[in-house]
Amino acid sequence: MDSCSTALALGGGGARGLAHLGVIESLLEAEISLNRIVGVSIGSLAGAMYAFNPDIHYAQKSGLEYLLSEEFQRHQKIMFGTQGSDGAAETTGGVFAWYSRAKDYLRANRIFHRVISHPSLLPGLVLRDVVDNLLPDADIADAVIPLSIVAVDLRSGHKVILERGSVREAVRASSSLPGIFPPVEFEGMLLSDVGVFYSLPTTVARSYGMHQVIAVDVSSDMQRIQECGTALDVLMRMDEIGESLFRKQVRDAADLVIRPDVSGIQWFDFSTPQELIDTGRTAGKNALRGWSSSPVEA
């Protein structure tokens with residue numbers, strides 16, 4: 001396997017993306033050389049952490065230390081109040097889950113005015129602090145392993161692939177969930193997270209002409225719901241369905257799709273980071289054990 005060039009596509013999924021760090025460890029143990037990393041949303045953060053310092057154990061350690069720090073816990077309170085991130089009230093996944101959480105947040109904190117008068121529900125300071133703590137102040141082009149970060153330009157309406165410029169700003173842009181975090185100005189573009197409908201960047205990874213593409217899908221499974229009570233509920237549900245259908249199509253661009261069992265974790269629930277990393281490691285090992293030359297989903 002090590003004689004083949006490999007592009008690694010890391011998908012979006014919020015906290016579930018911590019599993020990426022475990023999957024990468026399993027790939028390295030199998031002596032698979034990673035020649036290009038392509039990330040979207042949380043996948044861009046995990047990918048950049050490893051691409052700039054190809055020591056997966058250091059990436060895991062630094063990620064765990066930050067997520068368990070008092071500083072990050074303060075950010076969790078800013079986002080979700082004093083209840084923390086247990087996610088017990090959530091019964092659905094994907095886009096619908098964050099909408100439900102945001103709707104409850106609106107009711108509890110009386111900030112409807114912010115939604116109609118500001119570019120986002122939450123301040124950009126939260127994401128800025130995350131990337132400043134976990135990533136170097138460097139240009140994407142200076143990564144040890146070539147790195148591509150995928151986002152969407154709200155001005156042009158086009159998907160963009162970032163291969164140069166500030167890695168911190170690029171990751172922040174790729175992770176700025178529309179409506180939740182503010183879009184990011186980046187070299188004349190206004191960038192946001194494209195993961196709400198393109199959550200697995202396999203086609204971008206395939207475009208680099210590597211021998212093989214390995215993708216890590218940390219999205220949640222589609223959950224059955226009983227009703228859509230409002231027009232907004234219907235629209236949000238359709239967004240979730242559209243993302244799920246599109247994700248199934250782009251999986252075909254990968255030679256191997258690894259799916260850690262993280263569907264029970266909500267995008268905002270960072271309370272069990274070590275368990276998520278362990279889940280990714282296990283999924284990677286299991287997938288590689290049964291990998292043949294034909295595309296498979298594990």
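**Two annotated residues, one spot**

The unreviewed UniProt entry carries an "active site" annotation on Ser41 and Asp193. They're spread over 153 residues of sequence, yet they cluster in space, with a largest C-alpha distance of 6.0 Å. Keep in mind that this is a predicted model.

**Ser41**
- You'll find Ser41 in the loop that links β2 (36-40) to α2 (42-52).
- Ser41 counts as buried because its relative accessibility is 9%, and the cut-off for buried is under 20%.
- Leaving aside neighbours within four places in sequence, Ser41 touches Gly12, Ser174, Ser175 and Asp193.

**Asp193**
- Asp193 also sits in a loop, this one running between β6 (189-192) and α9 (202-206).

- Average pLDDT for the chain is 84, and 80% of the residues score at least 70.
- Residues 82-96 fall below 50 in pLDDT, though the model gives this stretch 35 contacts beyond near neighbours in sequence.
- Residues 110-117 are below 50 as well, with eleven contacts in the model beyond near neighbours in sequence.

Key:
Residues are numbered from 1 along each chain as its sequence is written. This is a predicted model: local features need pLDDT of at least 70, side-chain atom pairs count only at pLDDT 80 or more; totals for chains, interfaces and linings use all residues. Side-chain values use heavy atoms; hydrogens and water are left out. UniProt positions are given in the numbering used here, feature names are shortened, and annotations may be inferred rather than shown by experiment. Helices (H or I, at least four residues) and strands (E, at least two) are DSSP runs, numbered from the N terminus. Buried means under 20% relative accessible area, exposed over 50%, partly exposed in between (1.4 Å probe, protein chains only). Contact means heavy atoms within 4.5 Å. pLDDT is the predictor's confidence in each residue, from 0 to 100.
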